[in-house]
Amino acid sequence: MDGNEVQKEVTDKYSLRGRVFNRIREDILSGKYNENEELKENTIGMELGVSRTPVREALRQLELEGLVKIIPNKGAYVTGISEKDIHDIYVIRSYLEGLCARWACEKITKDQIEALEEVIYLSEFHTKKEHHEQIVELDNKFHELIYQASDSKILRHVLTDFHHYVQRVRKITLSKTERATDSNAEHTAILEAIRSRDGELAERLAHEHIIKTIQNLSKQGL
């Protein structure tokens, strides 16, 4: 086996591990599994068409993230995201999103501004039509574009993970037309601040945007 073949084998192995990890994590965060439900290696392996080894490795990694608890000689169980976890994530996000918007003021390109404009336009259209699935997708896209514009792979990675952790809650909040409409208005204000290269204003508006989401969660008893 030459060097290229060895590298391919290593890449395939980690790619498989990554796919299994992401699939199980997505299933936990989307609510497929209930809290305290056992995650059986054989069952998951058969479902994903893989051996128990990558499943076991994924479960260990998920334990490090706090989504799974492994009890020796018993098995792996879902811990998931608690209400306190959700609140903590949003509070932390409020500061990081602000920082991200401030940095975006310094780095954003014309193409990225145009992409954000398009997202806002489409968001307004789908909000009027009450197309909730598209609203959530476009909300994801708006924030992802800001993360990219910040030019910080570390900040982008952390915030993208936070988005995954609270995806179920975000779908619930954005399913309310009133909140979706307000969110679009807040996105527009953030974009205008970034377009003006006003870092202080962009940071404050992005921070307040997430704080308003927290307040909306409280109103809905989430």
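User: In this predicted model, how many aromatic pairs does a search of the whole structure find?
Analyst: The model is predicted. The search covers the whole structure. The number of aromatic pairs found is 1.

User: Which residues form the aromatic pair, and is it stacked, edge-to-face or tilted?
Analyst: The ring centres lie 6.5 Å apart. The planes make an angle of 50 degrees. Planes under 30 degrees apart count as stacked and those over 60 as edge-to-face, so the rest are tilted. The pair is Phe 162 and Tyr 165, and its class is tilted.

User: Which helix holds both Phe 162 and Tyr 165?
Analyst: The two residues are 3 apart, about one turn of the helix. Phe 162 is buried, and Tyr 165 is buried too. Their helix covers residues 153-165. This is helix H7.

User: Are the residues on the two faces of strand S3 buried or exposed?
Analyst: In a regular strand, side chains alternate between the two faces of the sheet. In S3 (residues 75-78), Gly 75 and Tyr 77 are on one side. Ala 76 and Val 78 are on the other. Both faces are covered, and these four residues are buried.

User: In which sense do S1 and S3 pair, and what is the bridge partner of Leu 39 in S3?
Analyst: Strand S1 spans residues 38-39. S1 and S3 pair over 2 bridges, in the antiparallel sense. In S3, the partner of Leu 39 is Ala 76.

User: Over how many bridges do S2 and S3 pair?
Analyst: Strand S2 covers residues 68-71. Its pairing with S3 is antiparallel. Val 68 stands opposite Val 78 in S3. The number of bridges is 4.

User: Which residue in the hairpin of S2 and S3 takes a positive phi?
Analyst: The hairpin has 3 residues between the strands. The positive phi is near 65 degrees. The residue is Asn 73.

User: What is the volume of the largest cavity?
Analyst: Rolling a probe the size of a water molecule over the atoms shows where empty space is left. Across the whole structure, 3 cavities of 30 Å³ or more are found. The largest cavity has a volume of about 110 Å³.

User: Which helices each supply at least two residues of the lining of the largest cavity?
Analyst: The lining includes Tyr 90, Arg 93, Asp 139 and His 143. Arg 170, Arg 179 and His 209 are also among the lining residues. By class, there are 3 nonpolar, 5 polar and 4 charged residues. The helices are H4, H6, H8, H9 and H10.

User: Which residue meets Arg 93 in a salt bridge?
Analyst: Arg 93 is one of the residues that line the largest cavity. At 3.0 Å, N to O, the partner is Glu 97.

User: How many salt bridges are there?
Analyst: Side chains of opposite charge can pair when their charged atoms come close. One example joins Arg 195 and Glu 192 at 2.9 Å, N to O. The count comes to 17 salt bridges.

User: Is Asp 27 buried or exposed?
Analyst: Asp 27 and Lys 32 meet in a salt bridge at 3.7 Å, N to O. Lys 32 is partly exposed, with a relative accessible area of 41%. Asp 27 has 10% relative accessibility, so Asp 27 counts as buried.

User: How many residues does H8 give to the lining of the largest pocket?
Analyst: About 390 Å³ of space lies in this pocket. Of its 19 lining residues, the closest to its centre are Ile 81, Ser 82, Ile 86, Arg 168 and Val 169. Helices H1, H4 and H8 give two or more residues to the lining. H8 gives the most, and its number is 3 residues.

User: How many nonpolar residues does the lining of the largest pocket have?
Analyst: The lining is sorted by class. It has 5 polar and 3 charged residues. The nonpolar residues number 11.

Key
Residues are numbered from 1 along each chain as its sequence is written. This is a predicted model: local features need pLDDT of at least 70, side-chain atom pairs count only at pLDDT 80 or more; totals for chains, interfaces and linings use all residues. Side-chain values use heavy atoms; hydrogens and water are left out. Buried means under 20% relative accessible area, exposed over 50%, partly exposed in between (1.4 Å probe, protein chains only). Two strands pair if DSSP finds at least two bridges between them. Rings of Phe, Tyr and Trp (its six-membered ring) pair if their centres lie within 6.5 Å; planes under 30 degrees apart count as stacked, over 60 as edge-to-face and the rest as tilted. On a 1 Å grid over the protein atoms alone, a cavity is a set of points where a 1.4 Å probe fits but cannot get out, and a pocket is an open set with protein on both sides within 12 Å along at least five of seven lines; lining residues have an atom within 4 Å of a point. Grid points are joined across faces, edges and corners, and a volume is the space filled by probe spheres set on the points. Ala, Val, Leu, Ile, Met, Phe, Trp, Tyr, Cys and Pro count as nonpolar, Asp, Glu, Lys and Arg as charged, and the others, Gly among them, as polar. A salt bridge is a side-chain nitrogen of Lys or Arg within 4 Å of a carboxyl oxygen of Asp or Glu.
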